[in-house]
Amino acid sequence: MRTYPFPHARYPLNSTDKSVDTRYSVTFDQGTLLLQCPSTQHHSQRDHLAEQFGDGVWTWDDRVAAWRCEAFHYRNVITTLWRQKLPYLDEASQWEHIEWPGVEIHSPRPEQAKAIQQWMEDKRGVVVMPTGTGKTEVALHLLAKTQCSTLIVSPVRDLMYQWHRRIKLGLRYDAGIIGDNTFNVRPVSVTTYDSAAIHAAKLGDRFKLVVFDECHHLPGNFRRDAATMSIAPWRLGLTATLIRSDGKHADLESLIGPVVYELKIAAVKGKALADFDVIKIPVHLSAEEQFRYDTDSLKVKTFVRERLQTDAGFRWEDLCSESARDPIARDVLVAFRSKQAIEDRAEEKLRVLEDLFRLHAGTPIIVFAGSNAMARDVSIRFLIPSMLNHCGKKERFEILQGLADGTYPAIVANQVLDEGVDVPTVKVAIVIGGSSSTRQAKQRLGRVLRKSGNSRAILYEVVCMDTGEEKRSRKRRKSDAYERTRHRRV
Amino acid sequence: MLTRELAIAEYDSGEIKPDRLTRARHAQYLQLAQRMLNTYEHGLGVIRKQLHQRIHALFEQEHDCPTRRIDAFCKLLDEKAVYDKDDRAKARSLRCKVFRMAARHHPLVQSPDRMFESGEEATKEEIASQLGIPWCEIEQKLFADVIQFHRLREFHGYDSPADLLARYNVAQTQAVLYDASSMVVWAKDDFKRILRYAKLARLMHTIVRRPDGSYQITFDGPVSVLRRTRRYGTAFAKFLPALLSCQGWKMKATIQHRRSHWQNQFCLSPADGLKSNVQPADVFDSSLEADFVGKWGDQPRHGWRLIREGEILFKHQKVFVPDFVLVHASGRRILMEIVGFWTPEYLAEKQKRCGCFVITESSWRSPIRPKVPN
């Protein structure tokens, strides 16, 4: 294992030290690094820096009379100074050594142990493991080993709280929370991508290790600042699906590091995960709904067809901008939205739900709705709890706990449950709406895949026939998460 | 401020124009604004969703009106409104109670049979009678903590319909700046105020003195020197109302389009007539300065003209604007700072602060070029 010169704790800084002028000084400034070269350094600084650190790393900033670069170059900068035996003063890092009050984590399974070992070699990189194979445990083991100030970045607030709980249980440490209207920074803290990016200028120097959970979210335009504006020399990415439809996953290599370990979904099928069936249940709109749907549909189609005749390049986005000037376009847009709402909240879906509840009475069930409104419809019709954005963390926890211990027979959720949130073992899930992206399908399946005994899990898809929803369902099935599943029709 | 989704702007040959309501082209909006204010004033106790629906209904017959503009008005009205939020804990505990009571009846079926005896209606009636509240009321309260179901408690309103429209125009202009990567301000007056507010918005500046005595000040943030970023967009937007309350300036912002990454220019000056809700500054910091100006008078004395806060001393991010500049007909200039109550320590500190600014003749004549070491 290579060792690096990163200090364990803040460098004791003596401001009266007369030798300061003979050293390179590196400081952190709002998400960037500033470098002051020794005053004894007389030949061309630009060439000297390019030669030592690589071309284009440092940029001269006349506003403050110093060299500036992105904070994530910190590791490279300090390593270079150290290797070249250049005298330097590291005023950038503000992290601490952590003594965990108590480590109580299951010893890792073989594939987890492999992932841990691979990452420890260079302490930067991405671990790819399917949902339900214990990514969180891998991270907890690494936290226990590295013992340093750590920031954990997760996609949604639920997950953030879940990390908080897992750290409390596994490492007996009460982590700070940054996000959800809280700003409590502690040496080990949990946050969301959005908060991490917004506060990057303030947080960038505090953590030696940053863990990006579901790290395929990181390369977004603004969110990537959570990585570029941090000096953390150690970085861990966790994900089940590395691929982004925009191709930006390639950036993860520079933002976090290379893929150090990958476990394929097929490798765990039947081991950590149960086999599962996908059953599609077609529903039809009621006569009244169908009439409204068709009227709206016709309106949209006629408009688009007419526009395409005069303007071959017409796209759907143009309609949105046109709706500003044109009351007809606005009307069409309203029709489009109402069309979506009709299929999302079709009455028959509630009837199908009743039948499925009857069929699986006594088995815990999770229902996924396509919108908050539909989730509330289900909640009021069957008097089962709904996990929605407005629920506080206490309520969400109470609901999940209630499903696990049998207090609640079933719950309904919208996309807040989509990713990685620890869901109690469930063998039946029902999707009654939602979008078609591959990732979402995979994450949703992850919920019902958790192994329990030998029984197979079932995923029901309730889909409106003769509508756009049917198309989305077909697209969903193409994702590799559905590979080798049995498709049945009712 | 508006959210990004509510921004409306047009692109016209590289120039960006935020949505703007004017008396000339949108006369009918004054009346609409009055009706919007009335809706909220008479809407106490009404839920948010319904208020927004009523506002949308006002615009039904209005041809020239994008949905986003109506949503933006809702946002601006909500900014001055107080909604009841206390129901959060109440609604939550009601939900918890109801769902727990219903759990043993699951599943609630439409028509009970031998296998499943709990009908939906009967169960709901039973729960209602156990809680002693009619079911319709329970259903209304069950999700009272959802934002759209909050009830309006107070509305502080705008001073006049015109005020609401003025606020709208500024808000749309601010929304354009969310995507700004940098901003250049040319100022003849009010330097001190402009720089102070920019500092409050946590912006960095680069100052260049121009031959005519005005200044070109470029605002951006630490990262801007490394890459174009919209990170400081909200800072520019926050800074805008303060800039609008100043005089004698011209502004140009570089806006980066979200998806295409095209760059557009956005220009603004007091001539555009946007009204700020920030109070204009007091003319003088202290009465001493006012007295001094009063005694000096408007006319030059012995060839010396008195100009208030007419010069910026700057080095990197340090800035100092002396109270006065005395300019002689021959071109000589003297910077003057009035010190009221003083102590030797205060003077020493002030001297040290001024000492770091080096003024050379050339810095007054030509713009300073960035000096890269060697």
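**View 1. The whole model, with its confidence scores.** The model is predicted, and it scores ipTM 0.77 and pTM 0.79. Chain A has a mean pLDDT of 81, with 80% of its residues at 70 or more. Two stretches of chain A have pLDDT below 50. One is residues 9–19, which make eight contacts beyond near neighbours in sequence. Another is residues 480–490, which make 17 such contacts in the model. For chain B, the mean pLDDT is 88, and 93% of residues reach 70 or more. In chain B, residues 365–370 have pLDDT below 50. That stretch has seven contacts beyond near neighbours in sequence.

**View 2. Chain A as a whole.** Chain A has 490 residues, and 46% of them are buried. Its secondary structure comes to 18 helices and 20 strands. How far apart in sequence are the residues that touch? Take the contacts in chain A between residues at least 6 apart in sequence: 77% of these join residues at least 24 apart.

**View 3. Strand 11 of chain A, a buried strand.** Strand 11 of chain A spans residues 209–213. Is this strand enclosed or open to the outside? Five of its five residues are buried, so the strand is largely enclosed by the rest of the structure. Look at its two faces in turn. A:L209, A:V211 and A:D213 lie on one side, and they are buried.

**View 4. The partners of strand 11 in chain A.** Strands of a sheet pair through backbone hydrogen bonds, either parallel or antiparallel. Strand 7 of chain A, residues 150–154, runs parallel to strand 11 of chain A. Four bridges join these two strands. Strand 12 of chain A, residues 234–239, also pairs with strand 11 of chain A in the parallel sense, over five bridges. Find A:V210 in strand 11. It is the bridge partner of A:L151. In strand 12 of chain A, the bridge partner of A:V210 is A:R235.

**View 5. A five-stranded open sheet in chain A.** The strand order is 3-4-2-1-5, and the pairing is mixed. Which strands stand at the edges? They are strand 3 (59–61) and strand 5 (88–90) of chain A. Each has a single partner strand, so one side of each is left without a neighbour in the sheet. From one strand to the next, the twist averages 30°. Now look at strand 1 (residues 24–29) and strand 2 (residues 32–36) of chain A. They pair in the antiparallel sense over five bridges. A:T27 stands opposite A:L34 in strand 2 of chain A.

**View 6. Where chain B touches chain A.** The contact takes 39 residues from chain B and 40 residues from chain A. Three elements of chain B give two or more residues to its side: helix 4 (87–103), helix 6 (135–142) and strand 6 (204–209). Which element gives the largest share? Helix 4 of chain B does, with eight residues. What kinds of residue make up the side of chain B that touches chain A? There are 23 nonpolar residues, eight polar ones and eight charged ones.

View 7. Helix 8 of chain B covers residues 191–200. Its buried residues are B:F191, B:R193, B:I194, B:L195, B:Y197 and B:A198. What covers them? The cover includes strand 5 (180–187), strand 6, strand 7 (215–220), helix 9 (233–244), strand 8 (249–256) and strand 12 (318–320) of chain B. After helix 8 of chain B comes B:R202, whose phi is positive, near 65°.

**View 8. A three-stranded open sheet in chain B.** The strand order is 10-13-14, with antiparallel pairing. Strand 10 (304–308) and strand 14 (333–336) of chain B stand at the edges. Each has a single partner strand, so one side of each is left without a neighbour in the sheet. The twist averages 20° from one strand to the next. Strand 13 of chain B, residues 324–328, joins strand 14 of chain B through four bridges. In this pair, B:V325 stands opposite B:L335 of strand 14 of chain B.

Definitions and conventions:
Residues are numbered from 1 along each chain as its sequence is written. Chains are lettered from A and ligands numbered from 1 in the order in which they are written. This is a predicted model: local features need pLDDT of at least 70, side-chain atom pairs count only at pLDDT 80 or more; totals for chains, interfaces and linings use all residues. A residue is buried if 20 or more other C-beta atoms lie within 10 Å of its own, exposed if 12 or fewer, and partly exposed in between; C-beta atoms are placed from the backbone. Two strands pair if DSSP finds at least two bridges between them. pLDDT is the predictor's confidence in each residue, from 0 to 100. Axes are lines fitted to C-alpha atoms, for helices over the stretch in contact, and angles run from 0 to 180 degrees between N-to-C directions. Ala, Val, Leu, Ile, Met, Phe, Trp, Tyr, Cys and Pro count as nonpolar, Asp, Glu, Lys and Arg as charged, and the others, Gly among them, as polar.
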